[in-house]
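The following account leads the reader through one protein model, from individual residues to the overall fold. It may be read alongside the sequence and the coordinates.

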Amino acid sequence: MQFWWLFLLFFFPFIGGIIGLLIQSEKTRQLKLFLAFSGAFLISITILNLIPEVYERIGHKAGYYILAGFFLQIIADFFSKGIEHGHLHFNEFKKGFPFSVFLALSLHAFLEGLGLGGDAFPEETRNNLVFAIGLHELPAAFALAVVLKSVFKKSNSNYLWLALYALMVPMGMLVGNQLTVFGDFFTAVISVVIGVFLHISTTILFENNESHTYGRYKLVAIALGLGVALLAVNFHAH
């Protein structure tokens, strides 16, 4: 385990949440552009790096876990309202603290961290996975912050909730490190996370554009995400 992994896995969602608290709630175009970048990065890393790794380790069984993760995310969307891929409907969050959203996102983040535990994958694959999870959690925390701000306008407790959420992935990773003897378990967890990534990234990439101008910006963001993923994968190629 490397300390900088834990730092990045906390830093990405926490800084995303802080940005979400500081900007105006209506300005969500920045969020959607970053989502387009992270969606392209996620699906590229998943297809080029993660899927080959899990199939190499557990064979065709990986497909069942990936499929389970894909449909698990559909169920999670019911509770999170889809805010992790940019679906913000403020009128749904006016009746008090969004417990279902917070718990769904937190469990999702903990699961991602759990898959990073142990030594089931080579370090270069885990490096890519750390950045994939971090880039995914940043806009998720951004959206969570916007929702919290719509409920509690200027409450300092929002920072505490964001800090707690930002701890979920590192906590999952620390728990996973205590279960290092279960190599196939971590491979199965990563396979489930892959299914989650596939659902989230395809949802982001295939959602309708608001305008032709925005569509061009989104295309650039997607191209950047793809390019960074290709560099990340090939930089560690043997």
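Predicted model: local features only at pLDDT ≥ 70, side-chain atom pairs only at ≥ 80, totals over all residues.

**From single contacts to the overall fold**

Glutamate 53 touches Phe121, Pro122 and Thr125, when residues up to four places away in sequence are not counted. Glutamate 53 belongs to helix 2, which spans residues 29-58. With a relative accessible area of 13%, glutamate 53 is buried, because a residue counts as buried when this value is under 20%.

The setting for this residue is a helical protein. The structure contains 9 helices and 0 strands, and its pattern along the sequence reads α-α-α-α-α-α-α-α-α. Of the 238 residues in the protein, 54% are buried. The contacts also reach across the sequence: among those between residues at least 6 apart, 86% join residues at least 24 apart.

Several residues illustrate how separate parts of the chain are placed relative to one another. Isoleucine 83 lies in the loop between helix 3 and helix 4. Is isoleucine 83 buried or partly exposed? Its relative accessibility is 1%, so isoleucine 83 counts as buried. The C-alpha atom of isoleucine 83 is 9.0 Å from that of proline 139, and the two residues are 56 apart in sequence.

Leucine 174, by contrast, is found in helix 7 and is partly exposed, with a relative accessible area of 39%. Leucine 179 lies in the loop that runs between helix 7 and helix 8 (183-206). This leucine also counts as partly exposed, at 28% relative accessibility. Between the C-alpha atoms of leucine 179 and glycine 117 the separation is 7.4 Å, for residues 62 apart along the chain. Leucine 179 is in contact with Phe185 and Phe186, leaving aside neighbours within four places in sequence.

Helix 7 also takes part in a packing arrangement with helix 6. How do the axes of helix 6 (residues 157-166) and helix 7 (residues 168-177) cross, and within what distance do they come? They come within 4 Å and cross at roughly 30 degrees. Angles under 35 degrees count as roughly parallel, and helix 6 and helix 7 are therefore roughly parallel to each other. On the side of helix 6, the residues that meet helix 7 are Leu164, Tyr165 and Ala166; their counterparts in helix 7 are Met168, Val169 and Pro170. By class, the residues of this contact comprise 6 nonpolar, no polar and no charged.

Rolling a probe the size of a water molecule over the atoms shows where empty space is left. The largest pocket has a volume of about 190 Å³. Its lining consists of Leu72, Gln73, Ala76, Phe79, Ser100, Leu103, Ala104, Leu107, His108, Leu111 and Val196. Two elements give two or more residues to this lining, namely helix 3 (61-80) and helix 4 (99-116). Which element gives the most to the lining of the largest pocket? Helix 4 does, with 6 residues. In terms of class, the lining has 8 nonpolar, 3 polar and no charged residues.

Note on methods: Residues numbered from 1 in each chain as written. Heavy atoms only, no water. Axes fitted to C-alpha atoms, helices over the stretch in contact; angles between N-to-C directions. Parallel < 35°, antiparallel > 145°, perpendicular 65-115°, else oblique. Contact = heavy atoms within 4.5 Å. Nonpolar A, V, L, I, M, F, W, Y, C, P; charged D, E, K, R; others polar. 1 Å grid on protein atoms, 1.4 Å probe; cavity = no way out; pocket = protein on both sides within 12 Å on 5 of 7 lines; lining within 4 Å. Points joined across faces, edges and corners; volume = space filled by probe spheres on them. Buried < 20%, exposed > 50% of the residue type's maximum accessible area, 1.4 Å probe, protein only.
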